[in-house]
Amino acid sequence: VHITQGDHEGKAVIVSWVTADEPGSSTVIYWPEDGTQKDQATGQITTYNYYNYTSGDLGQTYDSNTTLTHYEMNPEKGESVLYVGDLSYADHYPFHDNRRWDSWGRFVERSVAYQPWIWTAGNHELDYVPSLVSNRKLNKTTIVLNGTNFDFITISGNMNLVIGFPYMRNRNKSKVGVILGESKPFKPFLHRYRVPFEASGSTEPLWYSIKRASAYIIVLSSYSAYGTYTPQYMWLMEELPKVNRSETPWLIVLMHSPWYNSNTYHYMEGETMRVMFESWFVQYKVDVVFAGHERISNIAYNIVNGECTPVHDQNAPVYITIGDGGNIEGLATEMTDPQPKYSAFREASFGHATMAIKNRTHAYYSWHRNVDGYAVKSDSM
């Protein structure tokens, strides 16, 4: 079971769950915390196939469990979790084993069933493998041009197919095309983790916005098209002017691939997105940008086009990379040398962070290293 915010204003909740076999009831009974009047809502059932699986930056490692436990034991409890991508790491297993999505859901249920997690898609949610073709699909005739020549075996009297990257041929062994496998990006993620994207006028669940208390939160997709005139570009261009800072004085952006980091892993991967959108972030005075991807904790000063000198531009965001939840790939320990002037803090350790908005002008951010005590702040600002 997992919950997330269900509308733009923060007055609704989306409740989702996965059942092992039969769908069961889709009815949710709910009531106010301080009341007895009960209401109910009925949801929709969705299923999907992925390779031979049929469904009904944390990952799921020892370090992941330590991070989640550390967060649960932190006396400063959050009202929600801002999750900046990379969930189950199912793509690290043979055939992108989707049972790992099930086990990850059970792993985080102890938190996400009780407070909303705000979802951002990372590269490990892509699950894009056109060459991964299940036995069920070998009798279908999905045809595209081009492909790779493989040895083939006879599947039926009308065509010949290969196993691996199936290549369809006619009886004369002339090339016809390939049969595509898992060619829809983000399929497991989008089926399992619903978000209120339509409430903010978005056409896709990979980019959207919500309000949480005095914060306006914008979620972007690092791995969807964002060039001029693309849907994400057009949506963000129309979305930023809508932010009413008298109502929500804090403007926060979530993405997966960081624009600024001082680590050699994934270096400059977010550069093209930065070129597209950084001037907008400065123009509309985004306060904080949270990203993941890098398995470290990294804080960067108010930056514009890579510069934070001679003075910090107070209209520019503070960039925080917090991709240190405890994934299967381990820590990203190779730092650039010398440390860039815009880099205020960096450390390769697993942990979590909290951000407490105190008032219209002040917020308190603290990072908690797993190896320290539950209440210890390893870094703060």
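The buried residues of helix 2 are Trp101, Asp102, Trp104, Gly105, Phe107, Val108, Ser111 and Val112. Buried here means under 20% relative accessible area, exposed means over 50%, and partly exposed lies in between, with a 1.4 Å probe and protein chains only. The model is a predicted one, in which local features need pLDDT of at least 70, side-chain atom pairs count only at pLDDT 80 or more, and totals for chains, interfaces and linings use all residues. Residues are numbered from 1 along each chain as its sequence is written, and side-chain values use heavy atoms, with hydrogens and water left out. Helices (H or I, at least four residues) and strands (E, at least two) are DSSP runs, numbered from the N terminus.

Helix packing was considered next. Two packed helices are described by the angle between their axes and the distance between the axes. Axes are lines fitted to C-alpha atoms, for helices over the stretch in contact, and angles run from 0 to 180 degrees between N-to-C directions. Helix 1 and helix 2 (residues 99-112) pack at an angle of about 10 degrees. Their axes are 11 Å apart. Helix 1 and helix 2 are therefore roughly parallel to each other. Angles under 35 degrees count as roughly parallel, over 145 as roughly antiparallel, 65 to 115 as roughly perpendicular and the rest as oblique. On the helix 1 side, the contact is made by Ser64, Asn65, Leu68, Thr69, Tyr71 and Glu72. Helix 2 contributes Phe107, Val108, Arg110 and Ser111. Contact means heavy atoms within 4.5 Å. By class, the contact of helix 1 with helix 2 holds 4 nonpolar, 4 polar and 2 charged residues. In this scheme Ala, Val, Leu, Ile, Met, Phe, Trp, Tyr, Cys and Pro count as nonpolar, Asp, Glu, Lys and Arg as charged, and the others, Gly among them, as polar.

A further helix pair involves helix 4 (residues 231-239) and helix 5 (residues 271-283). These helices pack at an angle of about 10 degrees, with axes 11 Å apart. Helix 4 is thus roughly parallel to helix 5. Gln232, Tyr233, Leu236 and Met237 in helix 4 meet Met273, Met276, Phe277, Trp280 and Phe281 in helix 5. The contact of helix 4 with helix 5 divides into 8 nonpolar residues, 1 polar and no charged. Pro231 also lies in helix 4. Pro231 is partly exposed, with a relative accessible area of 49%. Apart from neighbours within four places in sequence, Pro231 is in contact with Thr203 and Trp207. Pro231 and Trp207 are 24 residues apart in sequence and 9.6 Å apart in space, C-alpha to C-alpha.

Two loop residues other than glycine have positive phi values. Tyr89 has phi near 55 degrees. Tyr89 lies in the loop between strand 7 and helix 2. With a relative accessible area of 1%, Tyr89 is buried. Lys285 also has phi near 55 degrees. The loop between helix 5 and strand 16 (288-291) holds Lys285. Lys285 counts as partly exposed, at 44% relative accessibility. Beyond four places in sequence, Lys285 is in contact with Arg245, Leu251 and Asn315. Glu76 lies in the loop between helix 1 (62-73) and strand 7 (81-83). At 33% relative accessibility, Glu76 counts as partly exposed. Glu76 and Met355 are 279 residues apart in sequence and 9.6 Å apart in space, C-alpha to C-alpha. Neighbours within four places aside, Glu76 is in contact with Thr354, Ser366 and Lys377. Ser16 belongs to strand 2 (residues 13-16) and counts as buried at 12% relative accessibility. Not counting residues up to four places away in sequence, Ser16 touches Val1, His2 and Arg192.
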